[in-house]
Amino acid sequence: MVSKSFTVDLNKPLVFQVGHLGEAYDEWVHQPIVSKEGPRFFANDTCELFTRTVWWVIPLIWLPVVCWLVTTSVQLGLTPSQAALAVVGGIFIWTLMEYSLHRFLFHMKTTSYWGNTLHYLLHGCHHKHPMDGLRLVFPPVATAILCVPFWTIVRLLTTPATAPALFGGILLGYVTYDVTHYYLHHGKPSKRLTQSLKKYHLSHHFRAQTTGFGITSSLWDRVFGTFPSKNGAGRIS
C-alpha cells in the first residue's frame, strides 16, 4: 500500500522511488528542479548508462537510416520527385504524431507504482529536471523499439515502394523534433522564429503544462485548442 507521506530522496536513485508517490506523483513531477546536473536514475551503472544520450547521437545514427530508406524507395520504382513527396508526407504525419504522443501519452495521468515509474522514465523526468541535457533526447535503443510498430503500420497501409520513403520522412521529422527540443532548452536563439518557439515551449514547462504540446510547430495546438494564451493559462481544463 502506497504511503501518502512518502518523500522522494533526491540523493538516491530516483526511478524505483517515484512509484511510491501514488496520487501525489503528478504534482511532484510537475514541480521542476532547474539544474544542469541530472539526477541518478539507477544504482546499477549499466542501466544508468543507457539513460544518458548526447544530442548529436540522434542525427549521427538516424540520418543515414533516412537516406537508406529514401534510396530504397527509388530503387523500388519511385521517381525522385515521388520519393521527395513521400518524405514531405512523412514529415507532416510526424507533426501530428509529435503532438498526439506528447499530449496523450507523455502527459497521461498515473497513480499506480508501475504507472508512475514508467511515466517518469518516458517523460516525467524531463519535466522534473528540464535542463538535464543528457536525458533530453530519446535513447536510440528505445527509438528503434518504437519504430517497429510504426514501420509495420506504414508498410501495411502503403505500397512497398512508398513505405520506405514515407517512413523515412516520419523518421526525419523525429530527428528534427529531438534536436529542436534540445536546442530550445540549451541554445540561445537569435532569430524571431526560434525565439518564439523557445518561449512557446518554456511556457509549457513553467506556466501552463496542459497546453503547448507541439515542439517543432504550434500547428496542432492551434487546431485542437491547446495553444497557450498570453497570460499562460490554458484553453483546456
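This is a predicted model: local features need pLDDT of at least 70, side-chain atom pairs count only at pLDDT 80 or more; totals for chains, interfaces and linings use all residues.
Leaving aside its neighbours within four places in sequence, which residues is His-185 in contact with? Numbering starts from 1 along each chain as its sequence is written, and side-chain values use heavy atoms, with hydrogens and water left out.

**View 1. The whole chain is built from helices.**
The protein chain has 10 helices and 0 strands. Helices (H or I, at least four residues) and strands (E, at least two) are DSSP runs, numbered from the N terminus. The C-alpha trace spans about 65 × 45 × 35 Å along its principal axes. For 237 residues, a compact globule would have a radius of gyration near 18 Å; the protein chain has 19 Å, which agrees. That radius is taken over C-alpha atoms, and the globule rule is 2.2 Å times the number of residues to the power 0.38. Of the 237 residues, 45% count as buried. Buried means under 20% relative accessible area, exposed means over 50%, and partly exposed lies in between (1.4 Å probe, protein chains only). Take the contacts between residues at least 6 apart in sequence: 69% of them join residues at least 24 apart. Contact means heavy atoms within 4.5 Å.

pLDDT is the predictor's confidence in each residue, from 0 to 100. The protein chain averages 92, and 95% of the residues score at least 70. Among the helices, helix 4 (residues 57-75) has the highest mean, at 98, and helix 9 (residues 192-206) has the lowest, at 90. Over residues 232-237 the pLDDT is below 50. Beyond near neighbours in sequence, this stretch has 13 contacts in the model.

**View 2. His-185 sits in helix 8.**
Helix 8 covers residues 162-186 and holds His-185. His-185 has a relative accessible area of 4%, so it is buried. Setting aside neighbours within four places in sequence, its contacts are His-126, Pro-130, Met-131, Leu-136, Lys-198, His-201, Leu-202 and His-205.

**View 3. Asp-132 lies in a loop.**
Asp-132 is found between helix 6 (113-128) and helix 7 (140-157). Is Asp-132 buried or exposed? Its relative accessibility is 5%, so Asp-132 counts as buried. Leaving aside neighbours within four places in sequence, Asp-132 is in contact with Ser-35, Lys-36, Gly-38, Pro-39 and His-186. Look at Lys-36: this residue and Asp-132 are 96 residues apart along the chain, yet their C-alpha atoms are separated by 5.1 Å.

**View 4. Gly-19 meets Ser-112.**
Gly-19 is in the loop between helix 1 (15-18) and helix 2 (25-29). With 0% relative accessibility, Gly-19 counts as buried. Not counting residues up to four places away in sequence, Gly-19 touches Ser-112, Tyr-113, Asn-116 and Thr-117. Ser-112 lies in another loop, between helix 5 (80-105) and helix 6. Ser-112 is partly exposed, because its relative accessible area is 42%. Ser-112 and Tyr-25 are 87 residues apart in sequence and 9.3 Å apart in space, C-alpha to C-alpha. For another distance, take Gly-19 and Arg-52: they are 33 residues apart along the chain, and their C-alpha atoms are separated by 21 Å.

Ser-218 is buried, with a relative accessible area of 16%. Which residues does Ser-218 touch, not counting residues up to four places away in sequence? They are Tyr-200 and Phe-227.
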